[in-house]
Amino acid sequence: MLRHLRLMFCFAKFSLLGELAFRSNFLLKILVEMIWLGILLTFFKTIFGKSSSVAGWNEHEFLFFVGAYYALEGFVETFFLENCVEFSELVRSGNLDFCLLKPIDPQFFITLRRVDWSTAPKILLGFIMIGFAMFEIGKPLELWKIPVFLILFLCGCSLAYSFLLFLTALSVWMIRNQSLMEVWWLFTNLMRYPRQIYDSEWALPIRMVFGFIIPALLAVSIPVEFAVKEINIQFTAFLFVIAVVYFFISRIFFNYSLKHYRSASS
Amino acid sequence: MIVIKTNNLSKLFRVYEKPAGLIGSLKSLFNNKFKDIHAVENINLEVHEGEIVGFLGPNGAGKTTTLKMLSGLLFPTNGSATVLGYVPWERPIEFRKAFSLVMGQKSQLWWDLPAADSFELHKEIYAIEPSRFKKNVGELTEIFQVANLLNKPVRELSLGERMKLELIASLLHDPKLLLLDEPTIGLDVVAQSAMHRCLYEFNKTRKITILLTSHYMRDVETLCSRILVISGGNMVYDGQLQGLKDEFGKEKLIKVQFNNLVPDQVFDKFQPLEITGNIVRLRVAKNDVPNVLAVVSQCEDVLDISIEDPPVEEVIEKLFVSHRLKKM
Amino acid sequence: MKKYFNIARLSLKERLTYRGDFLLSSFLRFLPMITSILLWKSVYGSSEQESLSGFSFKQVIAYLLLVNISRMFSSMPGLATNLARDVREGSIKKYLLQPIDLIGYLMSYRVAHKAAYISTSLVPYMILFGSCASFFDTFPTPLGCVYFFMSLILAFVIGFYFEVCLGMLSFWILEVTSLLYVVTTLSFFLSGHLIPLDLLDTTGWLDVLKNLPFAYLAYFPAAIFLQKVSDEELLLRFFIGALWAFFFFLLSRVILYFGLRKYSAYGA
């Protein structure tokens, strides 16, 4: 455990050093993230300029949601996304072998090797937005709710990670996997707005599939609902359980894919 | 102590055909054709501690595949192997800590960072004790003479310099076995010799077992006590280099340099390979060498004589050809 | 003509070689549409207004579908980055030595590439628009269609020369790719790709936004199709658009001239 923490620290340190070696590039990347934030907030403000609530969420609750989403996206992008995208290149070039030779769990090494510091501020900014939203809402959050919210938030992150891992593992089976980013973007699309938006009749299949089977709709919605709206016990418990289950399933599939790589690579 | 032992190790690859043409591509959406390739067939070998073994063969012979199986990267289709007492493809952690694989032209160092940082990461990954790590880095840097390169970003270094650092990285955790896959490919002669020298040092001082694949004879000639020759997935020779020469090198190359033009006797008796000015080159059967010497010694104005083995590449080539013929 | 046919054929084949990718991306590209539709439905539902800034719910959705078509014409994937790379790596040299016009060559390649791309995307787009036909209340007049088509060509021209200018900045700036990233991000929003520019009327920047070159890359054709542009405005907008096109065309020529000169002065 300690060893893994030390390794994480090493990964983080060297990733930062690597990024700072290209300073202007790094700063421009951060600039882009800030522009995206500006776009996100403008979009949010525009919508709430036209309507006082969206799908039963008022402006402040919605801001909380936006902050939580932004932080989750930042979390995944900082720690995992770059590594997962690089995986298909590792498979293609055969450099995956080097990862497999190391006396470390391959999933740990492959998915955490690089830390993208340019997206790290998103996590902080997301939580700042959450703080601001809480301030606007007026009534403070009960103390016991804070750790539970954080756990649920991590469950959402874990769910996103498991999905990403599953996509990554698919690179072994497909020749070229440029669509990883596209499919990931689709997944984030489903996390991006409160799940109540999908309450239409004809959106039932979406609610079924993406609410229970690939629960992207729940990843951000449930933790935020827990914090500032009515607590839905069933969904909350479901999120927790499914996050744990999918973590193990995605790991099994990933290791299985590595095995396949090891019987097929030439 | 036996470090590597294999028993009928074999690997079969199934390769799917990618058809050309529009219709072909559409068809392949539903029905994929494939072909089986026998990359490695029934390899039986035994390597003892401290040996430096050369693994020779043309491209596509199965060297890299064999090496990958020995390092646990590939599952074999048949047969078994034990490396350092472990079954490689089970990849136990202790096994992974006990050996290193270096692949020529492929780098496992972080591209944008100085090698020193990669080494530190290596230390964490292999859980190398700090004092041991420091000692190793110091020693290895000294041997390879790369002290000034440690703090330059790896991408700024030449291939030769990078390979030296790769080799250092592979030795930091004191592996008992070093597997090298075409380590000198792309290197100039000076860098190649440097690598040979260092590998030789290691083997002497640290008793590391080295298995090295190459298609350059030079690597094998200078370093290896024993060579394995692989062709078309099969082992065609396993023994000493000299034995190879003896068995297949039944000829010698003689070069004679005269003061003036090459005298007629030489033409009459033997078929020269080539004549350039005052130098004549002959290829004769080993048994005929005394005859040639007898004739030449009777000539006047002999400046220089040399008797050489034909290049080992030729010997190996003969080996492959005879093996291919045997197969047919 | 045959050359272009072959390029199209190769392009299609390339897509089919990576068959998993092709099927997947064609289908998945349109899934976010559902999220957008539902989001805007909620917004309109909660606002209890029929029209926001002149757009009804159906029109917003129709707009978001139409900008896909605008983008089909104005997006130039790889143009600037490849150009920047060529300059950096020195393959630009051949334009100094051979009697080929760099920009002309890029243009003809793009046209062929676009033609191939549009033809291969025809079927997925038809399916998409077919299933979303209910969002289209009104259809433009024949004249409107002509204007629509003209605006698409304008989008192509502005998009092309704009990216060429950006790519050629690599004669002077090393990290053009990062700069491109910034511009692309800005363009995504400012072109009206995310949200109809009209809905930004509360920001006070609407007039400026509509006159920026970005607006012509996505917003303008969609607005014409939805008849959001009055006849008087139409003339003005086309005029400004043409000015932008001409501006970037000239700028690209100027940059190329000075860039090549700098290149030959310093060698590779």
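These notebook entries record what I looked up in the predicted model.

**Conventions**

I number residues from 1 along each chain as its sequence is written, and I letter chains from A and number ligands from 1 in the order in which they are written. As the model is predicted, local features need pLDDT of at least 70 and side-chain atom pairs count only at pLDDT 80 or more, whereas totals for chains, interfaces and linings use all residues.

**Entry 1: the six-stranded sheet of chain B**

I looked up the strand order, taking strands (E, at least two residues) and helices (H or I, at least four) as DSSP runs numbered from the N terminus. Six strands of chain B make an open sheet in the order 6-7-8-4-9-10, with mixed pairing; two strands pair if DSSP finds at least two bridges between them. At the edges I find strand 6 (99-103) and strand 10 (234-240) of chain B, each pairing on one side only. On average, neighbouring strands of this sheet are turned by 15° against each other, direction ignored; axes are lines fitted to C-alpha atoms, for helices over the stretch in contact, and angles run from 0 to 180 degrees between N-to-C directions.

I asked which residues of strand 8 of chain B are buried on each face. T209(B), L211(B) and T213(B) are buried on one side, and I210(B), L212(B) and S214(B) on the other. I count a residue as buried if 20 or more other C-beta atoms, placed from the backbone, lie within 10 Å of its own, as exposed if 12 or fewer do, and as partly exposed in between. In a regular strand the side chains alternate between the two faces of the sheet.

Strand 4 of chain B runs parallel to strand 8 of chain B and is joined to it by five bridges, with L56(B) opposite S214(B). Strand 7 of chain B also pairs with strand 8 of chain B in the parallel sense, over five bridges; here L177(B) has T209(B) as its bridge partner. The chain passes from strand 7 through helix 7 (residues 189-206) to strand 8 of chain B in a right-handed β-α-β crossover, that is, with the strands pointing away from the viewer, the path from the first strand over the helix to the second runs clockwise.

**Entry 2: strand 9 and helix 2 of chain B**

Strand 4 (residues 52-56) and strand 9 (residues 226-231) of chain B run parallel and are joined by four bridges. V53(B) stands opposite R226(B) in strand 9. Helix 2 (residues 63-70) of chain B lies across strands 4, 7, 8 and 9 of chain B, at about 150° to strand 7; contact requires C-beta atoms, placed from the backbone, within 7 Å.

**Entry 3: the four-stranded sheet of chain B**

I then traced an open sheet in the order 12-13-11-14 of chain B, with antiparallel pairing. Strand 12 (272-276) and strand 14 (302-308) of chain B each have a single partner strand, so one side of each is left without a neighbour in the sheet. Four bridges join strand 12 to strand 13 (residues 279-285) of chain B, and I275(B) has V280(B) as its bridge partner.

**Entry 4: chain C**

The contact between chains C and A takes 31 residues from chain C and 35 residues from chain A. Helix 3 of chain C gives the largest share of the chain C side, 11 residues.

Helix 4 (residues 57-74) of chain C has 13 of its 18 residues buried, so it is largely enclosed by the rest of the structure.

Key. Two residues are in contact if their C-beta atoms, placed from the backbone, lie within 7 Å.
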